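Please open the model in your viewer and keep the selection panel at hand. The stops below proceed from the whole chain to single residues.

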Amino acid sequence: VDAELGAGGCLVQLGEPERALAHFERVLHLDPGAADVNFNRGVAFERLAMVEEAQSSYEAELIRDGQHEQARGALVALLQRTGQHAQAVVHARAMLEAEPEHMGAQLVLAWLLATTRDASLRNGPEAVRVARALVKQAGDHDPFLLDTLAASLACAGEWEEAQRTQE
């Protein structure tokens, strides 16, 4: 199982995700509960632009191990890219429950809460709280973090501070 999983991982890194999937399928056949196999399948499926299969694989890994940070992070990114913002918010919050200072989850959550077109998800005050915590943790030198804070402030109606942050 370990050899098949390792071979598949190497093939993904070498840019051969189709061949990697064959190894991952053998792992699933030998040990359906093997750690990381569904996460690795998700990565391979993403490389092949097979979004639904990637999402299903990441979700299967999270069913096996609800604390699998890489699988949850990959799923959040995939959900955000594919416009599934409500699910991305749920999973970003789950990441923050497990690790309150996870910068990637903070960034995604603040950005989505401030910028999503889905009015039921937009939450300016929460976006500001999360973005401020992120900037405090990371410093105020990253333009993308400052953009996220500015968008959060604007969403919360704090226009002047948003403009100052943007400058």
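Colour the chain by secondary structure and follow the elements from the N terminus: they run α-α-α-α-α-α-α-α-α-α. In this predicted model, the chain comprises 10 helices and zero strands. With the C-alpha trace displayed, the extent along the principal axes is about 60 × 30 × 25 Å.

Next, show the surface. The accessible surface amounts to about 9,000 Å², and carbon and sulfur atoms account for 52% of it. Of the 167 residues, 43% count as buried.

**Helix H5**

Select residues 69-81, which form helix H5. Now display the buried side chains of H5: Ala 71, Arg 72, Ala 74, Leu 75, Val 76, Leu 78 and Leu 79. The cover over these residues includes helix H3 (37-47), helix H4 (51-64), helix H6 (85-98) and helix H7 (103-115). Moving past the end of H5, one comes to Gly 83, which has a positive phi near 80 degrees.

**Aromatic pairs**

How many aromatic pairs does a search of the whole structure find? The search finds two. For one of them, select Phe 39 and Tyr 58: the ring centres are 6.0 Å apart and the planes meet at 40 degrees, so the pair is tilted. Phe 39 belongs to helix H3 and Tyr 58 to helix H4, 19 residues apart. Phe 39 is buried at 11% relative accessible area, and Tyr 58 is buried at 1%.

Then select Trp 111 and Phe 144, a tilted pair with 5.7 Å centre to centre and 35 degrees between the planes. This pair links Trp 111 in helix H7 with Phe 144 in helix H9, 33 residues apart. Trp 111 is partly exposed, with 27% relative accessibility, and Phe 144 is partly exposed as well, with 41%.

**Leu 149**

Remain in helix H9 (residues 143-155) and select Leu 149. Is this residue buried or exposed? Leu 149 is buried, because its relative accessible area is 8%, and the cut-off for buried is under 20%. Beyond its neighbours within four places in sequence, Leu 149 contacts Val 128, Ala 131, Arg 132, Val 135 and Thr 165. Finally, draw a C-alpha to C-alpha distance from Leu 149 to Glu 4: the two are 44 Å apart in space and 145 residues apart in sequence.

Note on methods:
Residues numbered from 1 in each chain as written. Predicted model: local features only at pLDDT ≥ 70, side-chain atom pairs only at ≥ 80, totals over all residues. Heavy atoms only, no water. Helix = DSSP H or I, 4+ residues; strand = E, 2+ residues; numbered from the N terminus. Buried < 20%, exposed > 50% of the residue type's maximum accessible area, 1.4 Å probe, protein only. Areas by Shrake-Rupley, 256 points an atom, 1.4 Å probe, with all protein chains shown as cover. Contact = heavy atoms within 4.5 Å. Expected span 1.5 Å × (residues − 1). Phe/Tyr/Trp six-rings, centres within 6.5 Å; stacked < 30°, edge-to-face > 60°.
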